[in-house]
Amino acid sequence: MYKLLVVDDEPKIREVIREYAEFNGYEVTEAADGMSAVGLVKLNDYDLVILDIMMPKLDGFSACKEIKKIKDVPVIMLSARGEEYDKLFGFELGIDDYVVKPFSPKELMARINVVLARRNAAPQTRSDVLKFGGLEINIAARTVSVDGERIELTPKEYDLLFYLIENRNIALSRDKLLSDIWGYDFFGDDRTIDTHIKNLRNALGPYRDYIVTLRGVGYKFEYDE
């Protein structure tokens, strides 16, 4: 049984999510603020955190940062604000989805299912370690090293890098990247991908040129043996 942590200062929102989640077979723990959520994550293991942005004591963005420092747990962000900046900032923090209030509980459950299915897809059929010159990716450990030095990536940046590498030398459109990595189009904005690509290139340093821009199309990871 998957365990969810639902964090929102509105009791009614928590109640609705709990009812639908438990009906779908999930075990649910509730928290009313970001500070409480961070404390719960320190003490317990959760398969997914549903996190509101506007909360007392510690807002959702700050709570997400702290949670990601503790455990690599998938996060779905909730917000009454649908501004593009908030969504992009959330994805840069490593969230897996962004849901705007008011939302359909059935849609939220579908998004939860997609995130968990993607996160728990077994990578054992692939080689554990991939090397491209001085760039090394350890799949099992979800780590990336540049010239022997480990670099820090958000979970979504790692997913994007690995997907590009898995499909190396193949042109990938922005729409396909959004669909295959995020599960479906969140809000159909190409800048979501462009922002993550920019961050990846900065992190890869001397190997930034492995990620090639295909003008008018998208990107590809280009590497010849």
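**Close-up views of a predicted model**

**View 1. Surroundings of Asp33 in the predicted model.** Leaving aside residues up to four places away in sequence, Asp33 touches Val7, Met55, Pro56 and Lys57 (contact means heavy atoms within 4.5 Å). Asp33 sits in the loop between strand 2 (27-31) and helix 2 (34-43). Helices (H or I, at least four residues) and strands (E, at least two) are DSSP runs, numbered from the N terminus. Asp33 counts as buried because its relative accessibility is 8%; buried means under 20% relative accessible area, exposed over 50%, and partly exposed in between (1.4 Å probe, protein chains only). The side chain of Asp33 reaches the backbone nitrogen of Ser36 at 2.8 Å.

The model is predicted: local features need pLDDT of at least 70, side-chain atom pairs count only at pLDDT 80 or more, and totals for chains, interfaces and linings use all residues. Residues are numbered from 1 along each chain as its sequence is written, and side-chain values use heavy atoms, with hydrogens and water left out.

View 2. Strand 1 (residues 3-7) runs parallel to strand 2 and is joined to strand 2 by five bridges. Val6 has Glu30 in strand 2 as its bridge partner.

**View 3. Helix 4 and its cover.** In helix 4 (residues 84-93), the buried residues are Asp86, Lys87, Leu88, Gly90, Phe91 and Leu93. Their cover includes helix 3 (60-70), strand 5, helix 6, helix 7 and helix 8 (191-204). Gly94 follows helix 4 and has a positive phi, near 105°.

**View 4. The crossing of helix 6 and helix 7.** The axes of helix 6 (residues 155-166) and helix 7 (residues 174-182) come within 11 Å and cross at roughly 120°. Axes are lines fitted to C-alpha atoms, for helices over the stretch in contact, and angles run from 0 to 180 degrees between N-to-C directions. From helix 6, Lys156, Asp159, Leu160, Tyr163 and Leu164 meet Lys176, Leu177, Asp180, Ile181 and Trp182 of helix 7. By class, this contact has six nonpolar, four charged and no polar residues. Ala, Val, Leu, Ile, Met, Phe, Trp, Tyr, Cys and Pro count as nonpolar, Asp, Glu, Lys and Arg as charged, and the others, Gly among them, as polar.

Note on methods:
Polar contact = N/O pair within 3.5 Å; in protein donor to acceptor, adjacent residues only side chain to side chain. Pairing = 2+ DSSP bridges.
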